[in-house]
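Reader: I have a model open and a few questions about it. Can we go through them one by one?
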Amino acid sequence: MNSTDRPQQREYFASGMGFVLAAAGSAVGLGNMWRFSYMAAEGGGAAFVLLYLLMTFLIGVPVMAMEFAIGRRARSSPIGAVRRIGGRGWGLLGYLLVLTPVIILAYFSVITGWALHYAVDALGSFSTAPSERFAAISSGQPAIVYHLALMAVTIAIVMFGVRKGIERTALILMPILFIILIGLALWASQLPGAEQGYAFYLQPSFEALLSPTVIRQAASQAFLSLSVGMGVMITYASYLSQQESLVKNAMIVSLADFSVAFIAGLVVFPIIFALGISEEISNSTIGTLFISIPHAFQQMGELGQAVGLAFFLVLAVAGLTSSVSLLEVGVASIIDEFRFSRKTATLVAGIGAAIIGIFPAMSQDILGHMDKISGELLVIFGALGMALLGGWVMQDPQSELAEGASPRIRRLIPALLFLIRYPVPAFLLVFLALSLAEVF
Ligand code: PHE
């Protein structure tokens, strides 16, 4: 069998809806709640939100559409896709697009484990000593145990394959997640601190709007949150039918992703201000939300337990569907490159990521570094690679983008290609330089 025979035997998503929810399931993750809130808190609230909105639609949507186009045209996971579209010289990018999701999976699973652990706490009661509780569960044995449990669930889902595993999980979990999240936002709007929380969240500081650090963080947050630039969308789109509109789907997924992040902010900030613990958030770090939010719920008594359970379950579900997509990149790559069965490939990739994750589960310092390197640096590399490959190297990207698209959407394609060719790479190069300067 040569490689051109392969497209016929690839598994496909059963429906466009299934694809959109699976891609949204990847995009909507811890990034939308935990990372977005702490970035917004650091980056001057509304200024960050505004920049993040711009980055999502002006840069994120074109890059995602391009990434879909690359995946669907090549019908392969990233290593093969990049090679087919760009030739051997681009091979390194393919490997980067497999490496990054493995690193992200390893530490995301640890953080998802914290969320799950708090959901279990909510079944009893949240601790009255929140900082100590966080210290106890965030590293060491409990963190390892929860991380491994989540990896086991992720492995089980991916092993069932695209339709029965990934698609079905997304079809069930994503609607539930949206509904609970909206319920949480409505509940939060009644809290005594809601107004102050909204004010902090939604009033722009113009200083922050012009800060290069905030702009760069908004950009990398947008990419990380959309799951672009790391091979996930290539992989998912490789299972997508020709009848589906790539640009439309990229817009829907991005809108869903932005909305969840925005609504999560409407939940988080009122809670924090209701209890007057806003100082804790002002010098926000990775752990802040995992300390102040349970603290807030604990002080609200029984209602707090119930709402807290919903909150942390949403977080855990969001993390799980992202983990599924991250693992699928490695699994699909092993299947495509080595022709392993799905079962073996899932075990190899899953156990590999589970082992790597033990390190961030033991040390928050390691976790922080993994987040900085993959979440702020590698993701920009990946997005730049997508823009250059799709905009400049791929043959006739228009036709792939037009395939399955309505006439209205087709009219947007030239503008989208213009963005992908000129402004997007220019911006990304600047961000990359800024990130390199900051990380090293
Ligand atoms: N987009 C996810 C989030 O917002 C993170 C993620 C990145 C998931 C890359 C998959 C791939 O949490």
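Reader: What is the average pLDDT of the chain?

Author: This is a predicted model, and its chain averages a pLDDT of 92. A score of at least 70 is reached by 95% of the residues.

Reader: Where does pLDDT stay under 50?

Author: Over residues 1–8. For that stretch the model has two contacts beyond four places in sequence.

Reader: On to the ligand. Which residues come nearest?

Author: There are 16 residues around the ligand, and Gly 29, Gly 31, Ser 225, Ser 227 and Ser 322 come nearest. Helices H2 (16–27), H3 (30–42), H6 (91–123), H12 (212–226) and H17 (301–338) each give two or more residues to that shell.

Reader: How many of the shell residues are nonpolar, polar and charged?

Author: Eight are nonpolar, eight are polar and none is charged.

Reader: How do the axes of H3 and H17 cross?

Author: At roughly 120 degrees, with the axes coming within 8 Å. H3 brings Leu 30, Asn 32, Met 33 and Trp 34 to the contact, and H17 brings Leu 315, Ala 318, Gly 319 and Ser 322. Five of the contact residues are nonpolar, three are polar and none is charged.

Reader: Different topic. Which residues of H10 are buried?

Author: In H10, residues 194–202, Gly 197, Phe 200 and Tyr 201 are buried. Down the axis of H10 the buried residues fall within an arc of 95 degrees, so they line one face of the helix.

Reader: And Ile 70, buried or exposed?

Author: Ile 70 is buried, because 29 other C-beta atoms lie within 10 Å, and 20 or more is the cut-off for buried. Ile 70 is found in helix H4, residues 46–74.

Reader: What is Ile 70 in contact with, leaving aside its neighbours within four places in sequence?

Author: Its contacts are Ala 81, Ile 85, Ile 234, Met 386, Leu 389, Gly 390 and Met 394.

Reader: Last one, the backbone. What is the phi of Arg 75, and what is that of Arg 339?

Author: Arg 75 has a positive phi of about 50 degrees, and Arg 339 a positive phi of about 60 degrees. Arg 75 lies in the loop between H4 and helix H5 (78–86), while Arg 339 lies in the loop between H17 and helix H18 (342–362).

Reader: Is Arg 75 buried or exposed, and where does Arg 339 stand, buried or exposed?

Author: Arg 75 is buried, with 21 other C-beta atoms within 10 Å. Arg 339 counts as exposed, with 10 C-beta neighbours inside 10 Å.

Note on methods
Residues numbered from 1 in each chain as written. Predicted model: local features only at pLDDT ≥ 70, side-chain atom pairs only at ≥ 80, totals over all residues. Near = placed C-beta within 6 Å. Helix = DSSP H or I, 4+ residues; strand = E, 2+ residues; numbered from the N terminus. Nonpolar A, V, L, I, M, F, W, Y, C, P; charged D, E, K, R; others polar. pLDDT = per-residue confidence, 0-100. Contact = placed C-beta atoms within 7 Å. Axes fitted to C-alpha atoms, helices over the stretch in contact; angles between N-to-C directions. Buried ≥ 20, exposed ≤ 12 C-beta atoms within 10 Å, placed from the backbone. Arc of directions from axis to C-beta.
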